[in-house]
Amino acid sequence: MADPLLVAMVEKRARSDARAHRDNAALQVRDGLALLRSAEVGDGYLFDRARKIFSDASRMAPEWAYPWFGMALAESGKGAWLARNPANLGTRVGYGSYQAAVKLLQSTLRIEPGFTPALLRLYTLSNVLRDSVLSSQILGAHRVAIANGNPDSEVLVNLGRLERAVGDLDSASAAF
């Protein structure tokens, strides 16, 4: 959905529902997702507001992975938005937000080790950051997810790539 008017209508409805039920973490997450989409379509400053809403939801339901994942999406979206803006000068613009997103994704995976969207986003961010220490941590997260029965083919391909990158070709072959 890329129509800004339609996105604004969805955001308004989600915000209304979330305000009417401030103690409902699921409605807060929905409100945060609507804000994320609005930030992606136009106003990048909404990433911070979305992160705040997800943070509130994570306090309501700390054992639920979705608010943590939402905070990570907000941070990685903010990082991409900052990096895209030519007015932001520097060589690593947005990387602070990317690193915050990685920490939030790791928190998400501590709550739910096989959470596929978090694993996929974590792998993508590791490629953006090009951090070898992070790659080894991500390898461990992928191994745990597979050991816990995550059958997702994209996770398996990423595991194979990570295993190959550290030189364990037998494990890479098994994952592929």
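Here is a short chat about a predicted model of a protein.

The model is predicted, so local features need pLDDT of at least 70 and side-chain atom pairs count only at pLDDT 80 or more, while totals for chains, interfaces and linings use all residues. Residues are numbered from 1 along each chain as its sequence is written, and side-chain values use heavy atoms, with hydrogens and water left out.

Reader: How many helices and strands are there in the protein?

Author: Helices are DSSP runs of H or I with at least four residues, and strands are runs of E with at least two, numbered from the N terminus. From that end the elements run α-α-α-α-α-α-α-α-α. So the count, by that definition, comes to 9 helices and 0 strands.

Reader: What share of the residues counts as buried?

Author: Buried means under 20% relative accessible area, exposed over 50%, and partly exposed in between, using a 1.4 Å probe and protein chains only. Out of 176 residues, the buried share is 44%.

Reader: Which residues touch the most other members of the largest nonpolar core?

Author: In soluble globular proteins, nonpolar side chains tend to be buried together. Here a nonpolar core is a set of buried Ala, Val, Leu, Ile, Met, Phe, Trp, Tyr and Cys residues joined through side-chain atoms within 4.5 Å. The largest one has 42 residues, and the ones touching the most other members are Leu36, Leu105 and Leu109. At least two residues of this core come from each of α2 (25-41), α3 (46-60), α4 (65-84), α5 (95-111), α6 (116-129), α7 (132-147) and α8 (153-165).

Reader: What is Leu105 in contact with, leaving aside neighbours within four places in sequence?

Author: Contact means heavy atoms within 4.5 Å. With those sequence neighbours left aside, the partners of Leu105 are Phe69, Ala72, Ala118, Arg121, Leu122 and Leu125.

Reader: Where is Asp152 found, and is Asp152 buried, partly exposed or exposed?

Author: Asp152 sits in the loop between α7 and α8. Its C-alpha lies 7.3 Å from that of Thr116, although the two are 36 residues apart in sequence. Because its relative accessible area is 26%, Asp152 is partly exposed.

Reader: Which helix gives the most to the lining of the largest pocket?

Author: A pocket is an open set of points on a 1 Å grid over the protein atoms alone, where a 1.4 Å probe fits, with protein on both sides within 12 Å along at least five of seven lines; lining residues have an atom within 4 Å of a point. There are 11 lining residues, with Arg22, Gln28, Asp31, Ile53 and Asp56 nearest the centre. At least two lining residues come from each of α1 (4-20), α2 and α3. The top contributor, with 5 residues, is α3.
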